[in-house]
Amino acid sequence: MDRRVLLIEDNPLDQLLAATILRKNGYVVKIVDDGLDALEQVAGGEVFDIILVDYELPTLNGIEVTQELRTLGFRRSIVAVSAGSEAELINDWRDAGCCDFLAKPYLPRQLRELVNHTLMRRSARRPLAFTLKYTDLRT
């Protein structure tokens, strides 16, 4: 069964990197470069197993997008994937409804492992924990 990822990212290089990593690991990836486009996808009935969202986006920032996705009723995992300088926003991300955070730049295995682990936790119906492990993310 296809596992579907919505990647909300406006940087073309970051889009290419994340999409390539995820596709090589069997994920179907849809890319949008704007928060409003992401909301339209979900509101329009597109089904995603996980959403990866950047902070700096053209219309709404990642936290605003996350809040709106939760308001729309999206109950699956949303992961913030953003620059380390935005790490001070961790509590804001969590309060908005993100289940995890991955700092850029990241290694391919870090993205792969985070997405796999998040989806396994979700499928096991365990509570989602919001964790930030700088040591894990920087290796």
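In helix α3, the buried residues are Gly62, Ile63, Val65, Thr66, Leu69 and Arg70; buried here means under 20% relative accessible area, with exposed over 50% and partly exposed in between (1.4 Å probe, protein chains only). Seen down the axis of α3, these buried residues fall within an arc of 160 degrees, so they line one face of the helix; the arc is that of the directions from the helix axis to the C-beta atoms. Helices (H or I, at least four residues) and strands (E, at least two) are DSSP runs, numbered from the N terminus. The model is predicted: local features need pLDDT of at least 70 and side-chain atom pairs count only at pLDDT 80 or more, while totals for chains, interfaces and linings use all residues. Residues are numbered from 1 along each chain as its sequence is written, and side-chain values use heavy atoms, with hydrogens and water left out.

What lies over this buried face? The cover of the buried residues of α3 includes β1, α2, β3, β4 and α4, where contact means heavy atoms within 4.5 Å. After α3 comes Gly73, with a positive phi near 100 degrees.

The picture widens with the nonpolar cores. In soluble globular proteins, nonpolar side chains tend to be buried together. A nonpolar core is a set of buried Ala, Val, Leu, Ile, Met, Phe, Trp, Tyr and Cys residues joined through side-chain atoms within 4.5 Å. The largest has 23 residues, of which Leu6, Ile8, Ile51, Val65, Leu69 and Trp93 touch the most other members. At least two residues of this core come from each of β1 (3–8), α2 (35–43), β3, α3, β4 (77–83), α4 and β5 (100–104). A second, separate core of 19 residues includes Leu7, Ala18, Ala19 and Ile21.

Strand β3 also holds Leu52, which is buried, with a relative accessible area of 1%. Leaving aside neighbours within four places in sequence, the contacts of Leu52 include Val5, Leu6, Val79 and Leu111. Leu52 and Val5 are 47 residues apart in sequence, yet 7.4 Å apart in space, C-alpha to C-alpha.

Finally, the structure holds one aromatic pair. Rings of Phe, Tyr and Trp (its six-membered ring) pair if their centres lie within 6.5 Å; planes under 30 degrees apart count as stacked, over 60 as edge-to-face and the rest as tilted. Tyr55 counts as partly exposed at 21% relative accessibility, whereas Trp93 counts as buried at 0%.
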